[in-house]
Amino acid sequence: MEVDEDVRALVEDTTLPRRLKEDVYEEVAARGDLSLEAVDEVVQAVESQYLDTRVDPLDPVGTVSAQSIGEPGTQMSVPAEERVIVRRNGETDVTEIGGLVDGLAAVRETRSVDGHEVVTAPENMEVLSLRADERVAWKPLDEVSRHEAPPELLRFELESGRDVRATKSHSFVTRRDNEVVPVPGEELTGGDWLPVVRSFDGNGPGTVNLREYLDSDDYWFTSTLTDGGVAADSPAGKDQTRNKREALAAGELDEGAVYPVQGTVGLPEEFPLDGTTGFFLGAFLSEGNATDDYVSISNVDADFQHCVRSVAERFGLSVSEYDNESGFGTGHGLRVNGTVLADFVRTVCYADGEKAVPGFAFGAPRTFVRALLAGYFSGNGTVADRAVRASSTSRRLLEGIALLLGRFDIYGRFGSGDGSTTLRIPSKYVPAFAERIGLVGDRGDRLDAAASEIDPNGPDATDQIPNVGDALETVAAAADMPSRQVHSAHERQRIGRNRLSEIVANTAESTADEPAALADLERAVESDVVWERIESVETVTPDHEYVYDFSVGGLETFTTAQGVVTHNTMNTFHYAGVAEIDVTQGLPRLIELVDARKEPDTPTMSIRLDEAYATDREKAHEVVWQIESTKILQLGDVSTNVADMLVQIDLNEETLRERWPTADSLDEVVEDIATTIESSLGVDVSTPARTVVQFGPEEPSYRDLLQLVEELRDIVFKGIEDVSRVVIRKEETERGEEFELYTEGSALGDVLGIEGVDASRTTCNDIHEIYRNLGIEAAREAIIDEMYLTLEEQGLDEVNIRHLMLVADIMTNRGTIQSIGRHGISGNKESVLARAAFEVTVNHLLDAAIHGEVDDLNGVTENVIVGKPIKLGTGDVNLRMNAGGSGSAD
Amino acid sequence: MEFCDDCGSMMKTEGDHWVCGSCGAQKGRNEEKEQAQAVTTQGQEETEIVDTSEVDAAETTPTTSAECPECGNDRAHYEMKQIRAADESETRFFTCTECGQKWREDDH
């Protein structure tokens, strides 16, 4: 590839593999007009990306290895009949998740992960997903999965009447501290908040292909005549096909149309989704009826009828009109004749026997959706009490309508009674409804009248934003607003959206620099979801064998047909197996203690922190760096140059800053490191670059050089030498939840003096160290504690502590720690026979004989050996006999 | 590393050429060859603070089917440690997922 020499030098200088370098050259050549700086930037970025993604041998990679270390939360899914909204190739649909996933699993490759069957989702499949910035967007579906249903599911009912069912560990998202965070379902209770979509976009196609909805046995399509399709496509046979081709050519039949067999009245194959058709479908959903041959809609309103008629005109269909007398008065019915239309309507507007919003409507163009909603509410809606209501026996229909309202940022609630459900648009949204959708006829007038009376910026009980954390108070303070205005909202941790919007606007105006909290609040106001409280949580049993899940990128959320946002998995890094500190337990540990071994096998410390450090993660990290021994390889790359006899250390600036947080300047730290090397290795160290340290042996000798490198690896630059690893855990103490440090390696003396360490609550498991630092009494206590802990861990915690106290007392009685064995207590006994009976018999006897030692026979062992009663109990007293004298005892 | 062409002993660098220690012969240096051959680099070890304060043991410890003696639940977290003699296998420590009851099992 021909590129500039400078560019080539720049790229060749990097550590990228040949293939990537060639790619860079190609790109640069293709773009042509990049400046050298731009190329430099690009190359740097590419290199850093490459290095980031490179994996070292033995590194765990990806989620598979995380799962093999520990088990992730299992069973997080929704039941089969839960309906979800998805979009494929731009066309939306509301479908049962079970059917969808089962269908995919049947044809695509599945893999089994931890009891879940996982299938990669087909391309172009999207779901409505809530992002971390509280906006709702269509996101690509990565994977779908299913697994056997657990015996119990949770069913959440929200205050709006919506409900959602899921497994206990299935996670949802909620609002905490002004942020959207995942939370497992089983942790949610009444009063917690869940998000419901109130606004989303759809960029679906403006037409829908009837071929998908009509049975090809009963219909035929003119497009099949002209696209060279086989005659077998026509259900009527070859002759018919030829006739029809002629008719098409003669202009009697339309191109791109659908005709029923035996019929001449048809519809365009690409059925348009616009204002007219939308209204028609909406009207049908509200009070329509369809048979094989016609669609009938009855309504007394003249405007309404006009809209219905215009559909018929549009497609050249005939309309029959009639009046009907019924119990409610005179009704006027319109019948639009046409088999194709009737069949189409019957197919798309029904699901499982009840009326429902057609799946493609959710993503259809706005004019269509608006018209559909207008048609529906014009037929079925009532305007009363500053709200708009619609009732139906089909709950599914109303759920679809509620979701459609989301296309116009309007939100609705459900109520039920008498076997029917009611959808209610609260007053806050009525003006928006009137403006964006509007109704025809009388209802329209009433709607406009009602809308004009309502103040859309009034208080709203239905649209509250919960858990804003401290943001309200911060913002109020910054805007010099009296805090009482936000006080009650802050206490209750919820505030109406309108009110919050006002506060945000005021603050933005009055303060010059905006506090970060303001941005968070703005985001809350602009969000595409309404937060609803959970009314009730109950356990239910699943109806189907399997439960299902979607895996979506980003915040991992997807939406049910009722608009409730649910979350996929909780992605936690699995530390299991990595953070365990191994301590000797059981009998070996008891032996260590009783033998008063100088160096325990697994020395460890448990360090508690002072006030400020115990709750602040950053400060806790500072203490960790001061304790954990830092060796050279953690600070940078070490290069050995045998040609120039030099060792060069390239220090990583970021790491240095992280581990020396209190240093004034980087140079100070580098100099510190250089000095350390100088003093411990005895060589002269130079600093050729800001973060490069270099040194070599005095005489150019390979042996010296390599020896220096070896010694370099052991030098400790920061922290305590004996402490090899520190782990932070959160522990429940009397002071609440605080950070506690556990170390591998013990250096109590050095640690007690470190700032941030609470010396009164820090301990280690090395009794000699405790003796050296804290004295003999502390050592006695430590012996008792350690022994008790060891026994407790084995489940033997009912041992009376006095036994251990006895042992500890004996070990520490002389003011130093003595072991029980022959080097300690047993070996220091005065009695020769006792020592000889214990261990190394002959030596003791021999020495005693040589030195002429005397055994006073005071103890138990020696008396047992010679056969005398011991000096306890009966033998505690010596009897004396009085010589002479008599006398009886009186 | 370069070896003397005349006497075969190891050469040392002096300034910008190689010099043989025993016979004094000199040879030019080749920067590129040296970069590739003479320099060995050991990369920085990535270490970060092991902070398990956010990790919930209940999520990460593995579970298996084991019947709890307290509540009868069929799943328990397990951990294995070789506590008894070296010729014995590990002791299994169970923690019930429902009621938190702990018990242990050895191979008899």
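**A sheet across two chains**

Visitor: What is the bridge partner of A:Val647 in S39(A)?
Guide: A:Phe695 is its bridge partner there. Strands are DSSP runs of E, at least two residues, numbered from the N terminus.

Visitor: And how many bridges join S37 and S39 of chain A?
Guide: S37 (residues 646-651) and S39 (residues 692-695) pair antiparallel over 4 bridges; pairing takes at least two DSSP bridges between the strands. Keep in mind that this is a predicted model, where local features need pLDDT of at least 70, side-chain atom pairs need 80 or more, and totals for chains, interfaces and linings use all residues. Residues count from 1 along each chain as written, chains are lettered from A and ligands numbered from 1 in written order, and side-chain values use heavy atoms, without hydrogens and water.

Visitor: What's the strand order in the open sheet?
Guide: S38(A)-S39(A)-S37(A)-S36(A)-S4(B), 5 strands with antiparallel pairing. The edges are S38 (685-689) of chain A and S4 (39-42) of chain B, each pairing on one side only.

Visitor: Which helix packs on the sheet?
Guide: H24 (residues 702-714) of chain A, which touches S36 (636-641), S37 and S39 of chain A plus S4 of chain B. Contact means heavy atoms within 4.5 Å, and helices are DSSP runs of H or I, at least four residues.

Visitor: Switching topic, how much of chain A is buried?
Guide: Buried residues are 48% of its 890, with buried meaning under 20% relative accessible area (1.4 Å probe, protein chains only).

Visitor: How many helices and strands does chain A have?
Guide: Chain A has 31 helices and 43 strands.

Definitions and conventions:
Axes are lines fitted to C-alpha atoms, for helices over the stretch in contact, and angles run from 0 to 180 degrees between N-to-C directions. Buried means under 20% relative accessible area, exposed over 50%, partly exposed in between (1.4 Å probe, protein chains only).
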